[in-house]
Amino acid sequence: MKFSMIVRITFLIWIVIFTVFFQITVEACVICFPYPKTTLADRLLKSESVVMAREKIGKPYSFTSIEVFKKSINGNDVKAYIDSTSRRKLKHNPKDVVVLVRQPKDADWQDWQYIAYANIEYQIFIRAILKQSSAWKGINGKDRRIAFFAEHITDSNPLIREQAYLEVGRAPY
């Protein structure tokens, strides 16, 4: 009986030692991190106008629309501010574009706003968001939206994967 009690106490002491000195840190999954309230898809869908554009040669911050998605614009010229990194990337990547949006007249701002730099893959993704958006209204719309983004969680493009995580992260558990 005495030997058994000593073994139990020794065992408990070792458990405490291992617990204190060899704690394993567990990190939260990506979905559990705080995320923005408004995603790229939200901004695209709430905007009055959405265009993909390229900067005019020799005219900084002046763009020519390449593709118009929502509401036609007067002419092809769009004035917007974009960061210098995106401007440099556009110069070296002729197939890439910037995505610009404009809010309705009753919003806080009506000027064109830069929301994304888009290589070919990201352009396809943005087109898909805009194309699918009508299916995200009404009954089961949220489920279809989550399903759309869930398909992109393992995408090889990190920007697409990030947007998918942000959207799926808002889904109810």
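**Pockets and cores**

In this predicted model, the second largest pocket has a lining of 13 residues, and those nearest its centre are Thr 39, Leu 40, Ile 115, Tyr 122 and Gln 163. The volume of this pocket is about 200 Å³. Helix H2 (40–46), strand S5 (113–118) and helix H6 (158–169) each provide at least two lining residues, with H6 giving the largest share, four residues. Sorted by class, the lining of the second largest pocket holds eight nonpolar, three polar and two charged residues.

Beyond its neighbours within four places in sequence, Tyr 122 is in contact with Leu 40, Ala 116, Tyr 117, Asn 157, Leu 159, Ile 160 and Gln 163.

In soluble globular proteins, nonpolar side chains tend to be buried together. The largest nonpolar core has 23 residues, and the ones touching the most other members are Leu 44, Val 99, Tyr 122, Ile 126, Ile 129 and Phe 149. Helix H4 (120–132) is among the elements that each supply at least two residues of this core, and H4 gives the most, with five residues. Apart from this core lies another, of 11 residues, including Val 78, Ala 80, Ile 82 and Trp 112.

By class, the lining of the largest pocket comprises five nonpolar, three polar and five charged residues.

Technical notes:
Residues numbered from 1 in each chain as written. Predicted model: local features only at pLDDT ≥ 70, side-chain atom pairs only at ≥ 80, totals over all residues. Heavy atoms only, no water. Nonpolar A, V, L, I, M, F, W, Y, C, P; charged D, E, K, R; others polar. 1 Å grid on protein atoms, 1.4 Å probe; cavity = no way out; pocket = protein on both sides within 12 Å on 5 of 7 lines; lining within 4 Å. Points joined across faces, edges and corners; volume = space filled by probe spheres on them. Core = buried A, V, L, I, M, F, W, Y, C linked by side-chain atoms within 4.5 Å. Buried < 20%, exposed > 50% of the residue type's maximum accessible area, 1.4 Å probe, protein only. Contact = heavy atoms within 4.5 Å.
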